[in-house]
Amino acid sequence: MCANSLAAGRPPNGRILWGVAGALLLLWGLTGIYTVQQDEQGAILRFGKWVRTAEPGLNYHLPIPIETAIVRNVTSINILTNTNPNSSSEGLSGEGALMLTGDENIADVQFAVNWRIKSLGAFLFNAQSPEATIRAAADSIVRAVIAQTPIARVLSEGRSTINIRLRELLQKLVDEYRLGVEISQVELLKVTPPTSDVNDAYLDVQRAKADMERKRNEAEFYRNSIVPVARGQAKKLVQDAEGYKAEVVADVDGETARFQAVYEQYKTAPEVTKIRLYLDAMKAIYAPASKILMNGDKAQGVLPYMPLPELKRAPEKGEETPS
């Protein structure tokens, strides 16, 4: 019928035209249907301007080219480093990796930044090159922190604390730039002195510090082993002195009590007390004597005796045995 109408020079039927137009319109409208996966977000642009962000699921926007959707993964972790991609892992080095430390040393610093997209619209449209901006911000933050930190702390025990501080400062900076990203980690990969001479000197310093720490520990151990012994000996000396003091005081008290008793007896009977004291003194003097001398008539009638105690006494070294 349509062919006959065209052959006859008449326009085609209006219903056919409306059907074709409706089909084309339907197909055009279907261009606005799109799907956002669970780990993705969709940025909706209306004539090139960002108007909203679509969440995961089946979504619809106005047909192309009125609105378009840019769908990106927002859960995967992106890794950014300042190392030269052409260098090996054993010798990571790159332009801009040399940094000044807090004690005016120079260190070759390589770091990595782990980040993900938090707001797709802000990530795409608040900066012309968001990844380059993150790289520049990370380099600025790392240089600022390294410039305030001694090289010994960067190279050894302070690395983990520095990493935490770097992440916090970088997150604050990218939030100020409204980049729409989340910094999950900033890690110092490798920090070394820039030349072999400096590296050797630094290793010598580290060995000297290790020797100093070892000597300090040995001194502490020696002190801990000597001080308790010395304190014990001092306490024993004090206790011995206290015991000797008590013994002397007791002897003095006893002698004083005996003297008082004798004095009381002397006041009662002076002559008798004098004779008894004299006899006690002579007894104490002559008790250990091995010979007795007697004068005059007192020596007559005394029976001589052999010195048996002297004969029984063993001869000392150097003495001759009596024959």
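Predicted model: local features only at pLDDT ≥ 70, side-chain atom pairs only at ≥ 80, totals over all residues.
Two residues are in contact when heavy atoms of theirs lie within 4.5 Å of each other. The chain has 323 residues, of which 22% count as buried. Its secondary structure comes to nine helices and nine strands.

Next comes a sheet. Three strands make up an open sheet in the order β3-β2-β5, and the pairing is antiparallel. The edge positions go to β3 (49-54) and β5 (67-73); each has a single partner strand, so one side of each is left without a neighbour in the sheet. On average, neighbouring strands here are turned by 25 degrees against each other, ignoring direction. In general, what holds the strands of a sheet in pairs is backbone hydrogen bonding, in a parallel or an antiparallel arrangement. For β2 (residues 40-46) and β3, the antiparallel pairing runs over five bridges. Looking along this pair, Ile 44 stands opposite Arg 52 in β3.

Now for the nonpolar core. The largest one holds 35 residues, and the members that touch the most others are Val 113, Trp 115, Leu 170 and Leu 188. Two or more residues come from each of β2, β8, α3, α4, α5 (151-155), α6 (159-177) and β9 (181-192). Helix α4 gives the most, with seven residues. Val 113 is worth a stop along the way. Setting aside residues up to four places away in sequence, Val 113 touches Asn 78, Ile 79, Leu 80, Ala 138, Leu 170, Ile 183, Gln 185 and Val 186. One of these, Leu 170, is also on the list of core members that touch the most others.

Two loop residues make a handy pair to look at side by side. Thr 101 sits in the loop between β7 (98-100) and β8 (106-117), while Asn 126 sits in the loop between α3 (120-125) and α4 (130-146). Is Thr 101 buried or exposed? Its relative accessibility is 3%, and the cut-off for buried is under 20%, so Thr 101 counts as buried. Apart from neighbours within four places in sequence, Thr 101 is in contact with Ala 107, Ile 146, Ala 147, Thr 149 and Ile 151. Asn 126, by contrast, counts as partly exposed, because its relative accessibility is 38%. With neighbours within four places again left out, the contacts of Asn 126 are Gly 121, Tyr 177 and Arg 178. Which of these does the side chain of Asn 126 reach through a backbone oxygen? The answer is Arg 178, at 2.8 Å. Along the sequence Asn 126 and Arg 178 are 52 residues apart, yet their C-alpha atoms are 6.6 Å apart in space.

Finally, there are the charged pairs. The structure holds 10 salt bridges, and several of them can be followed along helix α7 (residues 196-268). Glu 220 forms one with Arg 223, where the closest N and O atoms are 3.0 Å apart. Why are these two about one helical turn from each other? They are three residues apart in α7, and that spacing in a helix amounts to about one turn. Glu 220 counts as partly exposed at 35% relative accessibility, and Arg 223 does too, at 46%.

Asp 240 is partly exposed, at 42% relative accessibility. Another such pair is Glu 264 and Lys 267, whose side chains meet at 3.6 Å, N to O. Both belong to α7 and are three residues apart, about one turn of the helix. Glu 264 has a relative accessible area of 41%, so it counts as partly exposed, and Lys 267, at 48% relative accessibility, also counts as partly exposed. Salt bridges can join up as well: Asp 211, Arg 214 and Glu 218 are linked in a network of them.

Definitions and conventions
Residues numbered from 1 in each chain as written. Heavy atoms only, no water. Helix = DSSP H or I, 4+ residues; strand = E, 2+ residues; numbered from the N terminus. Buried < 20%, exposed > 50% of the residue type's maximum accessible area, 1.4 Å probe, protein only. Polar contact = N/O pair within 3.5 Å; in protein donor to acceptor, adjacent residues only side chain to side chain. Pairing = 2+ DSSP bridges. Axes fitted to C-alpha atoms, helices over the stretch in contact; angles between N-to-C directions. Core = buried A, V, L, I, M, F, W, Y, C linked by side-chain atoms within 4.5 Å. Salt bridge = Lys/Arg side-chain N within 4 Å of Asp/Glu carboxyl O.
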